[in-house]
Structure formats: C-alpha cells, structure tokens
Amino acid sequence: MNLFDVYPLNDIEITKASGSTVWDANGQEYLDLYGGHAVISIGHTHPHYVQRLTDQLHKVGFYSNSVKIPLQTQLAEKLGTVSGKVDYQLFLCNSGAEANENALKLASFYNGRKKVIAFKGAFHGRTSLAVSATDNPKIIAPVNETDNIIFLPYNDEAALAATFGEYGNEIAAVIIEGIQGVGGIKEASISFLQKIRSLCDEYNAVYIADSVQCGYGRTGKFYAHDAAGVDADVYTMAKGMGNGFPVAGISIAPKFKPWHGMLGTTFGGNHLACAAALAVLEIIDQDELLKNAEKVGAYLIAELQKVEGIVEVRGRGLMIGIVLPEHMPNVKKDLLFKYKIFTGEAKPNVIRLLPALNLTKDQADRFLNDFKTALKG
Ligand SMILES: Cc1ncc(COP(=O)(O)O)c(C=O)c1O
C-alpha cells in the first residue's frame, strides 16, 4: 500500500527533538521556528509534558465520553483561568477544523439561522462547513459548495455593516481569525473586531473567534482577539493546545445552553488528550510563556524591521510574517537546507515564524544572523 500523496515533502526525517531544536536521521541539528506548523507551544519533548503523558498512559489512555473524566473538568478550570474566560464552557474535540465545524453548528443551533460571514484570505479547515468558509476554491469540493457563506473583505467595516443591514436576521455567525495565518499573517484591526462584536449583539449573531493558529498565547495574549478588549461568543482552539497531541476545543460563552447529544465525538477529551493539554497549560502558566512570546516576539519584529530588502514585517508576538520581494523566492529553502532553520510560509512570498512560546533571545539572534546572510543570497 502506498501513501495517498497529498503533501509536498522536504527530504528530511526528524528523529529527535528538544525545545526549539530538532535533529534529523543523520544527526544534523536544526532550529525550529516553525513549531511543526504552530503546534509546538511549550517546546518539543518538554520534561513535564513527557512525564504527565507517560504517567497517564500507565493509568488509562482512553475511555469514552460515556463515563466521568475528571481530567476534563480540571482542564476546563485551568483553561478558564489561564485564558481569563472563567465563566465559559469547554467542549473538547480533535482538530482545528472540527472545532470550527462545531462552533458554526452551535451558532446555528443557537439562533436557528443558516448564513455565515467569513472573510477574504480566511482559512478555517478542510471539513464541510469549515472549508466552505475558507477562501480557497481549490480545496472546496462540489459537495462543500453552499450559498450560506458570505465572503467579505477583511477589515472592511462598511461592507460588514452593509451586509448585516441587508441580511441581519439570517446571519448565524461571523467567523474570523484574529491574525490570518495561512492568509499571510494579516491582523484583524481592533476596530473591526469591535464592530463585529457590536453588530453580532445588535442582530443576535454569534461572534466566533478562530484561535486555532493565533491563539493559545502565541501573540502574547491568550487569544489574539483579546487585543480588541471585547469578548467573542465562541473561541476555537487546536494547534498549540496539546503541543503535538491531537486535541482541540471550543470555549463557549455562558449564554449557550447545552443539551445531551447536541455535540459529540468519540475521541474528544480522552484521558491522554486532557493530560497533554493540562501539561501545556501548566507550563504556559508556570513559565509565564505569554510574557515570553510577547517579549521575544517584539524583539524579533523590531530587529526584522531594521533589515534592508524586506517588503514588510507583520504580526504580533511569536506569529510573524516576513514579506519578501518577488525576486527572492528561495530564502525559505535556503534557510532550511543551508542554514538548518525550519520556518513556515504563506503564498506568494511570506516567511511565517511560528516557534515555541519559550523561544529564547539567543535562538532569535541565531535566526536573525542567518536570515540576514541568507538574504544576501
Ligand atoms: C486559523 C486556522 N483554523 C483552522 C485550521 C484547521 O486546523 P486543523 O488542520 O487542525 O483541522 C487551521 C490550520 O492550519 C488554521 O490555521
């Protein structure tokens, strides 16, 4: 049997990892500023994480949501405290797409409506409604096509207000990334997020903050949307939540009332997933990783802004986009193969930095030095 060949692969096999360092099968060391696609939040193989998962595995790895799982309650309490949304409710699932799918479904159950406002450049996942709300026709299969999604320009308050004016009573939800990741590290403006809040209040629509990539402390705030000083109704999260263990969730405002069977999943919130998610929050809290993300991120952004030859530096905290000129298409490849640094990318020519939240200043400096050299070709 062959693998279904959907991923363009780099010819590298990672066999060992620690913090923001990974090694390949030949023992070659790499600096990881990609965090396995924004997933590694507390660093690879963090000792507390390894211990908590190992201990849990020796007790019970999985049992279904038909029995009490106290780890889920502990996780909800810890997430409420660390995220500052203590009165919200937690539903656990397995991936970012599934989190968004459930958030959209919850919104529709709540107000009985069908239309969803999403934005140009958005990425919300590859499952049915999540992919319909994703601005990439190439990955929308005919079966996912729907008239229920209205795409608006990002950060366009007038277009948003006009759409609510026209369809207000049909709109179930507005879904927005606080910083578009796949779209190229583009920030939602504070006034735009505030406008979404006020229009959702006015029309009883649900404000869904897709925090799958920009959340979990990456920007220095727990959710990137927090910068606007208004609460969303539902926050979706995944990537950084389990530091690599597949776990995702939605944080749900108190006004939503659950009923048995409303949402569900076999694997969501299993013992191992909860142990992983708890270990992550314990380290984020104990090591003050939000502060570190803010500090090291601000340093990186300030230093990058001084580098000549870059078109633009975008982002906040440790979610950074470096826009390169068109005549430099090889920098990302050179960083990986010549300088042994993993980074992410966004089309057409943006380098995305999504490292662990405990990246050190020394590691940031190593990147800055090599990046400047790489730019010279
Ligand atoms: C903002 C955002 N939402 C949703 C998703 C989908 O997450 P997953 O790949 O875990 O389904 C992603 C993945 O990159 C994302 O960046």
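A residue counts as near a molecule or strand if its C-beta atom, placed from the backbone, lies within 6 Å of it.

**View 1. Residues around the ligand.** In this predicted model, local features need pLDDT of at least 70, side-chain atom pairs count only at pLDDT 80 or more, and totals for chains, interfaces and linings use all residues. Residues are numbered from 1 along each chain as its sequence is written. Of the 14 residues around the ligand, those that come nearest are Gly96, Ala97, Gly125, Val212 and Gln213. Helix α4 (residues 96–111) supplies the largest share of this shell, 3 residues. Helices (H or I, at least four residues) and strands (E, at least two) are DSSP runs, numbered from the N terminus.

**View 2. The open sheet of 7 strands.** The strand order is β4-β12-β11-β10-β7-β5-β6, with mixed pairing; two strands pair if DSSP finds at least two bridges between them. The edge strands, β4 (89–93) and β6 (149–152), each pair on one side only.

**View 3. Pairing of β4 with β12.** Strand β12 (residues 248–252) and β4 run antiparallel to each other over 5 bridges. Cys93 has Ala248 in β12 as its bridge partner.

**View 4. Helix α6 on the sheet.** Helix α6 (residues 157–167) packs on the sheet and touches β5 (115–119), β6 and β7 (171–177). Contact here means C-beta atoms, placed from the backbone, within 7 Å. The direction of α6 makes about 155° with that of β6; axes are lines fitted to C-alpha atoms, for helices over the stretch in contact, and angles run from 0 to 180 degrees between N-to-C directions.

Note on methods:
Contact = placed C-beta atoms within 7 Å.
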